There are 2 protein chains.
Amino acid sequence: MAKILIMSADGFEDLELFYPLHRLREEGYEVIVASLKRGVITGKHGYTVEAQLAFDEVNPEEYVGLVLPGGRGPERVRLSPHAVRIVKHFFERNKPVAAICHGPQVLISARVVSGRRLTSWYGVKDDVMVAGGIWKDRSVVVDGNLVTSRHPGDLADWMREYIRLLKGVS
Amino acid sequence: MAKILIMSADGFEDLELFYPLHRLREEGYEVIVASLKRGVITGKHGYTVEAQLAFDEVNPEEYVGLVLPGGRGPERVRLSPHAVRIVKHFFERNKPVAAICHGPQVLISARVVSGRRLTSWYGVKDDVMVAGGIWKDRSVVVDGNLVTSRHPGDLADWMREYIRLLKGVS
């Protein structure tokens, strides 16, 4: 079964983690959650999920895709050099990456935003643009291997496009 | 665009409402949320959603499917004779119904459980059995037009089977 990696941390936006988690399982993928360390992480609305791996235990070669939920998790994720290295791997190999809301903060830290069309939560739009990104106010933006959305209201469009991309390559 | 009705109320299990809401939109359905009255309803984890219709304004003829999320919403929903009438309609017409967790409480009130294979949250298993249901401890149980699951961990299996059923008839 092809594997997909979700990278997040405490404060994640609950729907933005659980929608892709269940949706990609529904599609037959094995979905692994990784965080700063192994163990339970808690969303901003109180849902919990088990991080099965710490970032430094992740071998990104094993995964066909990467998902970056939003909320307050990404500001923690981006501080890990291991997380940044993992993001770079997916871009170097042109493997499908989905990011939503504050998720693109991790993309900025990995220096993969420049020249890319993408969207994000409104509050970090300026950071995306300063990093060289071409920010669009659309429910979903697909640019090469990258599929981005703004907020939980975009979940359906986000996963529709991400799964289309995954199916094209895996 | 074919329409699907979600019936819920304050105290709904957030993921059990939002997963099918976005998932069915992703599939191209128009999804309408109805409750005891129009306006915002709030989930047990604090997410909110707008009920666009009150139960007494719903014409069930317009919908190809019905979804009953769980949480503490169903104990409110089942008190509405309009909600009960709507459930009966879907069973009389053999249209696909998805219920999860405490959602089957509404099925009990509509007297449509007897002789049916189904599952539910463990805490209401005995009510299902006393009502004549044949309760199964499985992630998803499909019996004719009815697709049931136990809890949010079953969301992927629940919607995979429900969408398969919908696609077969609409």
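Which residue is the bridge partner of A:Val142 in strand 11 of chain A? In this predicted model, that partner is A:Val147. Strand 10 and strand 11 (residues 146-149) of chain A run antiparallel and are joined by 3 bridges. Helix 6 (residues 155-169) of chain A packs on the sheet, where it touches strand 6, strand 7, strand 10 and strand 11 of chain A. The direction of helix 6 makes about 175 degrees with that of strand 11 of chain A.

The sheet in chain A is open, with 7 strands in the order 5-2-1-6-7-11-10 and mixed pairing. Strand 5 (53-54) and strand 10 (141-143) of chain A each have a single partner strand and stand at the edges, so one side of each lacks a neighbour in the sheet. Helix 1 (residues 14-26) of chain A lies across strand 1, strand 2, strand 6 and strand 7 of chain A, at about 175 degrees to strand 1.

| Strand pair | Bridges | A bridge pair |
|---|---|---|
| Strands 10 and 11, chain A | 3 bridges | A:Val142 and A:Val147 |
| Strands 3 and 4, chain B | 4 bridges | B:Ile41 and B:Val49 |

Strand 3 and strand 4 of chain B form a hairpin with 5 residues between them, and B:Gly46 in the turn has a positive phi of about 95 degrees.

In helix 3 of chain B, B:Ala83, B:Ile86, B:Val87 and B:Phe90 are buried. These residues cover an arc of only 100 degrees around the axis, which puts them on the same side of helix 3 of chain B. On the other side, B:Pro81 and B:Glu92 are exposed. Among the elements covering the buried residues are strand 1, helix 2 and helix 4 of chain B.

Note on methods
Residues are numbered from 1 along each chain as its sequence is written. Chains are lettered from A and ligands numbered from 1 in the order in which they are written. This is a predicted model: local features need pLDDT of at least 70, side-chain atom pairs count only at pLDDT 80 or more; totals for chains, interfaces and linings use all residues. Two strands pair if DSSP finds at least two bridges between them. Helices (H or I, at least four residues) and strands (E, at least two) are DSSP runs, numbered from the N terminus. Two residues are in contact if their C-beta atoms, placed from the backbone, lie within 7 Å. Axes are lines fitted to C-alpha atoms, for helices over the stretch in contact, and angles run from 0 to 180 degrees between N-to-C directions. A residue is buried if 20 or more other C-beta atoms lie within 10 Å of its own, exposed if 12 or fewer, and partly exposed in between; C-beta atoms are placed from the backbone. The arc is that of the directions from the helix axis to the C-beta atoms.
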